[in-house]
Number of protein chains: 4
Amino acid sequence: MAGSGFGTIFRITTWGETHGRGVGVVVDGCPAGLELCEEDIQCYLNRRKPGQSRFTTKRKEEDAVEILSGVFEGKTTGTPISLVVFNKDQRSKDYSALANVYRPGHADYTFDKKYGFRDYRGGGRSSGRETTARVAAGAIAAKVLRSLGIEVFAYTEAIGPYSIDLSAWTPEVREENPLYMPDAAAAKQAEAYLEEKMKQQDSCGGVVGCRISGMPAGVGEPVFDKLDARLAQAVFSIGAVKGFEIGDGFAAAALTGSVNNDAFCLKDGRVEKRTNHAGGILGGMSDGSVIYFRAAFKPTPSISSPQTTVTRDGKEKEIVIHGRHDPVIVPRAVVVVESMAALTVLDSLLMNMTSRLDGIQRFYC
Amino acid sequence: MAGSGFGTIFRITTWGETHGRGVGVVVDGCPAGLELCEEDIQCYLNRRKPGQSRFTTKRKEEDAVEILSGVFEGKTTGTPISLVVFNKDQRSKDYSALANVYRPGHADYTFDKKYGFRDYRGGGRSSGRETTARVAAGAIAAKVLRSLGIEVFAYTEAIGPYSIDLSAWTPEVREENPLYMPDAAAAKQAEAYLEEKMKQQDSCGGVVGCRISGMPAGVGEPVFDKLDARLAQAVFSIGAVKGFEIGDGFAAAALTGSVNNDAFCLKDGRVEKRTNHAGGILGGMSDGSVIYFRAAFKPTPSISSPQTTVTRDGKEKEIVIHGRHDPVIVPRAVVVVESMAALTVLDSLLMNMTSRLDGIQRFYC
Amino acid sequence: MAGSGFGTIFRITTWGETHGRGVGVVVDGCPAGLELCEEDIQCYLNRRKPGQSRFTTKRKEEDAVEILSGVFEGKTTGTPISLVVFNKDQRSKDYSALANVYRPGHADYTFDKKYGFRDYRGGGRSSGRETTARVAAGAIAAKVLRSLGIEVFAYTEAIGPYSIDLSAWTPEVREENPLYMPDAAAAKQAEAYLEEKMKQQDSCGGVVGCRISGMPAGVGEPVFDKLDARLAQAVFSIGAVKGFEIGDGFAAAALTGSVNNDAFCLKDGRVEKRTNHAGGILGGMSDGSVIYFRAAFKPTPSISSPQTTVTRDGKEKEIVIHGRHDPVIVPRAVVVVESMAALTVLDSLLMNMTSRLDGIQRFYC
Amino acid sequence: MAGSGFGTIFRITTWGETHGRGVGVVVDGCPAGLELCEEDIQCYLNRRKPGQSRFTTKRKEEDAVEILSGVFEGKTTGTPISLVVFNKDQRSKDYSALANVYRPGHADYTFDKKYGFRDYRGGGRSSGRETTARVAAGAIAAKVLRSLGIEVFAYTEAIGPYSIDLSAWTPEVREENPLYMPDAAAAKQAEAYLEEKMKQQDSCGGVVGCRISGMPAGVGEPVFDKLDARLAQAVFSIGAVKGFEIGDGFAAAALTGSVNNDAFCLKDGRVEKRTNHAGGILGGMSDGSVIYFRAAFKPTPSISSPQTTVTRDGKEKEIVIHGRHDPVIVPRAVVVVESMAALTVLDSLLMNMTSRLDGIQRFYC
């Protein structure tokens with residue numbers, strides 16, 4: 001079954017394996033008239049690419065994007081935009097030893113059960129490299145959103161046990177440390193923790209947070225296509241995500257209604273909320289306040305310490321995974337979360353344009 | 001935009017408002033040959049219906065389901081199954097006072113912003129009553145799954161701060177207390193806590209857990225339609241859900257890879273995992289172990305204590321919500337979570353049937 | 001697989017069998033704010049209902065529609081509109097004799113092959129009665145279109161060998177004869193022909209034409225979702241349709257480019273075409289001129305003269321189909337074609353609203 | 001709105017413009033385990049490529065396909081297959097003169113109305129070159145179908161007024177003349193007719209026929225997703241198609257039921273039909289006999305004789321279209337029709353696998 005597509009009106013289809021010819025995406029449904037060049041996309045890809053710091057894999061991938069269609073004289077034409085990142089640094093021999101073995105925490109076993117066999121080179125399609133295509137598409141969605149005054153901003157909220165102090169949150173700081181944490185002190189602690197894990201040939205998990213500001217109220221569909229439900233799917237479709245919360249999330253489960261309800265008030269004649277426990281969404285539709293959510297990432301499953309597992313031909317075996325792996329996925333995942341959020345929010349905004357007859361009449365008459 | 005449909009191959013479309021003629025669902029894509037009668041569906045609806053205990057709204061709804069199509073001589077025919085629950089107990093006057101006011105924590109404001117006006121009687125389409133239709137459809141999905149050896153079992157994991165002891169988990173106990181908790185001791189504490197909240201004219205939140213057993217490995221699509229991503233959307237599309245976790249969820253974010261990875265092993269010649277931190281899904285596909293997830297529900301927003309808010313015509317106002325409201329949503333939501341999980345898992349199982357050429361050849365040749 | 005839904009943004013799902021409880025449709029994605037009452041729908045159903053003249057089946061069906069949801073205080077709310085027509089006149093005994101036999105020209109055999117068995121009463125789901133639900137939904141789509149200045153007008157173009165004279169086409173005449181032909185002279189001839197076929201216990205086919213006026217230019221998607229391609233599917237999904245043409249259709253295959261090309265010209269400063277061989281669509285998008293198409297309907301397969309066939313248990317057999325059948329489907333199909341065209345055009349109009357960035361910016365900023 | 005995708009389970013998304021970097025397609029949902037190499041696809045593309053004979057444009061395009069993903073060790077992996085044909089021979093200057101003018105019979109005007117501007121080089125996305133991507137995907141679908149014993153065979157049925165003699169139909173002859181007509185005598189006449197049109201600087205239309213053999217009965221969904229309705233959309237989505245018929249098509253409209261009904265009979269214990277007026281589909285589902293349909297193509301709109309039109313900035317103007325154009329589209333369209341039919345039939349076959357509970361149980365248990 002086709003499962004590599006996402007979105008309804010602004011729809012993307014990704015393709016590619018980590019050790020094949022490359023990865024790519026077709027963006028179908030992008031409105032015409034957006035100024036777009038490769039640099040708009042490249043700056044997003046650079047935030048995801050390997051080799052940025054001592055905390056990311058040493059693989060060198062330039063991840064240079066090419067636009068193959070859908071842009072003419074510097075503007076999108078409304079037709080599909082095909083983007084490709086050709087692979088350069090493929091050390092296939094690194095992986096051949098793992099062809100016959102199921103790495104714990106990876107999708108090797110489930111791929112074999114589903115399809116009968118798999119491209120075993122570096123995880124094939126289940127590699128994190130697939131998210132390159134999502135980021136390339138997300139960069140376009142984010143540019144459309146910015147032209148509407150909407151900003152999506154993701155960041156590292158926690159690495160292992162070290163969380164940022166949300167009250168001291170400073171967005172600018174995000175770019176000043178290799179972990180993309182908007183809190184310099186927490187970043188220091190997290191860096192030390194990571195160094196320790198790397199020495200132990202171990203890995204760790206973390207949390208990505210995301211804020212969406214500038215949203216008009218009323219966006220999202222009230223039943224199955226709730227904006228938060230679609231964000232949940234979008235973010236959960238990133239490999240390694242194990243939890244998703246909006247607003248107070250799991251903490252809200254322990255609150256009472258009198259505390260958790262956000263009172264409405266007037267500010268300069270506009271309806272606002274005194275608090276934002278809800279995280280900017282009520283009944284599946286944006287309420288005009290900042291949308292914020294968090295996603296939990298499991299530790300990188302590829303670790304160098306020995307693990308026990310089973311081979312494809314049914315024998316137990318001890319394995320050691322060599323190669324160049326990120327000790328934590330989170331810093332490079334920040335821009336992936338931001339991209340999936342941008343794609344979701346844009347698609348919901350476009351869906352929302354047909355919700356009222358008077359809006360349609362104004363458009364056509 | 002159409003947003004009241006869910007699923008691709010086994011697809012449901014719900015309709016109806018809490019104080020209209022009724023609520024219903026069309027189930028399109030149900031395979032032919034399933035024995036089905038109204039009682040199969042009614043027993044699921046009875047678990048959701050109001051008036052079951054002192055902890056649920058006193059509204060009396062019989063919630064009697066009628067099958068209008070798609071069943072002939074006791075079996076599904078493969079054509080759409082139309083189900084309806086006509087409304088009986090509609091006290092519309094209870095709500096008229098709220099026509100002009102935005103209840104905190106509800107979708108009144110966002111509905112008005114999206115559509116320009118709303119059916120204000122009891123929340124209209126955004127009422128929890130909409131989930132009746134989901135449960136009616138879920139009962140059918142669950143029956144198909146049982147015929148394949150797959151069981152979906154949801155339960156109350158926490159009410160406010162009181163959680164079940166997962167090590168003392170006994171499924172049979174779920175039916176023995178009005179809170180659907182599979183732990184008698186925790187249920188006692190939670191009942192006392194709820195009594196207190198009701199006296200305080202307040203409400204509380206909680207957590208629903210769910211386990212899916214009997215799943216074959218390899219079900220789910222590896223990129224956007226990951227089984228866990230689709231479960232996340234499905235469960236998040238239930239009003240009041242604020243968080244979703246699979247396996248260790250947010251706790252996994254603080255673990256290391258050496259702890260969190262589930263080692264593969266052989267048991268009676270079959271591949272199994274020694275632990276199940278992953279919650280039964282790897283790379284978006286079922287791995288053959290039990291799938292388990294948790295969903296956080298916020299406190300019921302309708303409370304009788306005074307709250308401040310804003311009116312439709314732009315004035316601040318204090319309101320007190322009278323009426324017959326559940327002090328906690330969770331017990332009645334258990335079967336809703338179970339239903340959404342069943343719908344999702346069945347749809348993914350059907351999607352998976354075309355993943356291999358040899359499977360298709362066996363089917364047709 | 002779910003196959004009873006049509007449309008993407010304005011999406012309908014039909015259900016029901018001819019001899020079950022009733023037929024119905026859920027309309028999901030109708031914009032909020034449309035004034036709608038049952039009479040708006042009933043007047044469309046009345047054009048389709050049996051017993052209108054001596055040329056339609058004598059079955060008496062009142063076909064009274066009920067709105068079960070989605071309308072509040074006389075206006076659509078933007079939530080799903082559930083419509084139902086309960087069955088009244090079901091003479092199931094008429095059909096029991098045919099339970100074991102495959103009627104030529106009907107879907108009995110193919111239903112059995114697909115689903116293993118079938119609701120054999122009057123054709124079950126494959127009965128023309130299923131189109132009641134399409135017409136109910138189409139009436140709503142047509143009302144939305146009229147509010148945008150767009151009119152869909154279908155009519156009988158031919159009954160057997162008797163065609164209308166297109167140069168003498170007068171829309172008003174359509175309502176003045178039981179065959180819905182906009183040409184009084186042709187209607188007379190066709191009536192005489194039909195009387196003859198009825199005496200011979202035979203049936204005949206015909207052609208439905210349709211014109212759509214008031215369309216803005218640029219509606220339709222340029223590749224797979226071309227407006228004409230979607231109209232083709234929509235109309236071909238009506239049972240008994242065997243051919244579909246737009247503009248000059250098959251005649252264009254025998255023309256030369258110099259004749260078939262429609263020259264552009266200016267009229268009062270606006271771009272127009274001197275001719276309309278294309279039928280109002282170029283490259284899959286409306287060109288601002290009248291859209292016109294034709295659909296061929298095969299003769300009613302239910303005839304009273306003896307036919308040879310095969311039984312479900314594998315024996316050859318001669319059958320005579322008694323009952324109350326239309327000698328020609330076309331007059332009652334006119335409003336079905338009109339409805340499917342309205343549903344398609346409206347959905348394409350809504351899809352088109354997101355094609356340009358400046359349109360989106362105007363909508364939101 | 002995304003409109004460049006086709007299919008549900010076996011889903012393709014095409015991209016690219018005639019004078020951009022290239023054209024391509026992503027095939028998502030192809031089952032794993034199909035042996036596939038570039039030559040399997042190239043042989044289909046060669047049937048479509050320009051420069052094959054004196055009756056096709058003299059443009060030289062090698063149309064060499066590259067597989068970028070989804071194939072590993074010679075077999076499809078179940079993940080998306082990305083195919084690309086990079087452009088080589090682009091003479092953009094040929095077209096710059098037409099940037100400001102609306103060519104009659106082309107989509108220039110409608111593209112401008114929809115998107116505000118367009119890639120005017122050679123028609124951009126609306127060029128017939130877009131069908132390269134369809135053929136590449138269709139080659140894969142056809143290979144899957146052949147492995148199931150199903151053959152799709154399209155051919156030229158008519159060029160202008162010259163039709164093949166269906167009773168003398170010999171498939172082998174199709175490859176023996178540049179027009180792909182399975183009738184040598186008709187091909188001769190058509191060639192002479194075409195020479196004449198070319199001398200007159202004119203073009204002509206024609207008809208493509210298609211036969212699908214080996215289909216099991218019961219494939220197709222009975223309401224909106226009827227197999228014939230989906231074929232109609234598929235074929236009508238090819239630019240220049242103006243009509244589509246199945247079985248007797250428009251001729252059936254003039255027949256009587258007693259003639260048009262196909263009597264069922266038994267042959268070697270199997271149910272067959274004595275005739276095949278229906279064209280192999282009853283009630284939207286395959287009936288086990290050969291499926292056959294016809295599509296009408298309009299004359300090539302690009303002709304060298306002078307035409308009157310309007311410019312983008314609103315002036316009337318006479319134009320002469322130079323360049324290298326096909327005098328008739330039909331011969332190169334044969335493989336496009338075959339491809340769209342293969343894609344449609346395969347998708348419907350996959351959809352059909354979930355229609356019965358016992359089939360699902362056999363698959364999983």
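I will start with chains A and B, then turn to the strands, and end with chains B and D.

Please keep in mind that what you see is a predicted model.

First, chains A and B. How many residues of chain B are in contact with chain A? There are 106 residues of chain B in contact with 107 residues of chain A. The area buried between chain B and chain A is about 8,300 Å². Carbon and sulfur atoms give 62% of that area. On the side of chain B, the residues that lose the most area to chain A are B:Met1, B:Lys114 and B:Phe224, and together they make up 11% of what that side buries.

Between chain B and chain A the count is 4 salt bridges. One of them joins A:Arg274 to B:Glu316, where the closest N and O atoms are 3.8 Å apart. That distance passes because the rule for a salt bridge asks for a nitrogen within 4 Å of a carboxyl oxygen. There are also 47 residue pairs in polar contact across the interface of chain B and chain A, counting pairs with both residues at pLDDT 80 or more.

Which element of chain B gives the largest share of the side that touches chain A? Helix H3 of chain B, residues 108-115, does, with 7 residues. By class, that side of chain B divides into 47 nonpolar, 35 polar and 24 charged residues.

How do the two copies relate? Chain B is superposed on chain A by a rotation of 180 degrees, with 0.0 Å of shift along the axis and an RMSD of 0.0 Å. The two copies are therefore related as by a two-fold rotation axis. The same surface serves both copies, since 100% of the contact residues of chain B recur in chain A.

Next, the strands. Strand E11 of chain A and strand E11 of chain B, both residues 241-246, run antiparallel and are joined by 3 bridges. In that pairing, A:Glu245 has B:Gly243 as its bridge partner in E11(B).

Chains C and D have an open sheet of 10 strands with antiparallel pairing. The order is E9(C)-E8(C)-E10(C)-E16(C)-E11(C)-E11(D)-E16(D)-E10(D)-E8(D)-E9(D). Why is one side of E9 of chain C and of E9 of chain D left without a neighbour in the sheet? These two strands, each 162-163, stand at the edges and each has a single partner strand, so one side of each has no neighbour there.

Within chain D, strand E10 (residues 206-213) and strand E16 (residues 291-297) run antiparallel, joined by 7 bridges. Here D:Cys210 stands opposite D:Phe293 in E16(D).

Last, chains B and D. In this pair, 25 residues of chain D are in contact with 25 residues of chain B. Chain D and chain B bury about 2,300 Å² between them, with 74% of it on carbon and sulfur atoms. D:Met353, D:Leu357 and D:Tyr364 supply 30% of the area that chain D buries against chain B, more than any other three residues.

Helix H8 (330-351) and helix H9 (357-364) of chain D are the elements that give two or more residues to the side touching chain B. H9(D) gives the most, with 6 residues. That side of chain D has 16 nonpolar, 8 polar and 1 charged residues.

Terms used: Residues are numbered from 1 along each chain as its sequence is written. Chains are lettered from A and ligands numbered from 1 in the order in which they are written. This is a predicted model: local features need pLDDT of at least 70, side-chain atom pairs count only at pLDDT 80 or more; totals for chains, interfaces and linings use all residues. Side-chain values use heavy atoms; hydrogens and water are left out. Contact means heavy atoms within 4.5 Å. Buried area is the accessible area (1.4 Å probe) that two parts lose on being put together, summed over both. A salt bridge is a side-chain nitrogen of Lys or Arg within 4 Å of a carboxyl oxygen of Asp or Glu. A polar contact is a pair of N or O atoms within 3.5 Å; within protein, one must be able to donate a hydrogen and the other to accept it, and residues adjacent in sequence count only if both atoms are side-chain atoms. Helices (H or I, at least four residues) and strands (E, at least two) are DSSP runs, numbered from the N terminus. Ala, Val, Leu, Ile, Met, Phe, Trp, Tyr, Cys and Pro count as nonpolar, Asp, Glu, Lys and Arg as charged, and the others, Gly among them, as polar. Two strands pair if DSSP finds at least two bridges between them. Copies are superposed by least squares on the C-alpha atoms of residues with pLDDT of at least 70 in both.
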